[in-house]
Amino acid sequence: QVQLVESGGGLVQPGGSLRLSCAASGSLSSSIVMGWYRQAPGKQRELVARISGGGSTNYADSVTGRFTISRDNAKNTVYLQMNDLKPEDTAVYYCNTRPPFLGWGKGTLVTVSS
C-alpha cells in the first residue's frame, strides 16, 4: 500500500516562506489528482490546493496568490511552496489524493508566529 510522508514544516515568521514535500513510498499513477490539506487546532481538515495529472491547479481562496502546488511524477512527490505566510496558516499539513482515498500520513507542522 502506498504511504505518504510529508516534510518541510517548521516555525516561520509572518511573511516568510516554506516549501513542503510529500513523498509517496510506492508508485502513484501520474493521472491521480493530488491535494494538500491542512488542519488547524480545533478545526476540521480542509483542502488548500490540488493538482491534476496534467498539472492543472486549484486553490482555496485563503491561499490563492501565496501558495503554489506542483508535482514530480518521476519522483512520486508533490510540493507546496508557501509564500507570505500568515498566522492563520498555522496548521498540520497533509497530502493525499483528491478525494482522499489513501491512508493519512503524520503530516508536517507549520507554525507562523513572530
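The dialogue below takes up the core, then the backbone.

Tutor: This is a predicted model: local features need pLDDT of at least 70, side-chain atom pairs count only at pLDDT 80 or more, and totals for chains, interfaces and linings use all residues. Residues are numbered from 1 along each chain as its sequence is written, and side-chain values use heavy atoms, without hydrogens and water.

Student: Which residues have the most contacts inside the largest nonpolar core?

Tutor: In soluble globular proteins, nonpolar side chains tend to be buried together. A nonpolar core is a set of buried Ala, Val, Leu, Ile, Met, Phe, Trp, Tyr and Cys residues joined through side-chain atoms within 4.5 Å; buried means under 20% relative accessible area, exposed over 50%, and partly exposed in between (1.4 Å probe, protein chains only). Here the largest such core has 28 residues, and Trp36, Leu80, Met82 and Tyr93 have the most contacts inside it.

Student: Which strand gives the most to this core?

Tutor: Strands (E, at least two residues) are DSSP runs, numbered from the N terminus. S3 gives the most, with four residues.

Student: Where do the backbone exceptions lie, such as Pro99 and Asp84?

Tutor: Most residues other than glycine have a negative phi, and most peptide bonds are trans. In this model a cis peptide bond, with omega about 0°, joins Arg98 and Pro99; Pro99 is in the loop between S9 and S10. Asp84, in the loop between S8 and S9, has a positive phi near 50°. Asp84 is partly exposed, at 41% relative accessible area. Asn76 also has a positive phi near 50°, and its place is the loop between S7 and S8.
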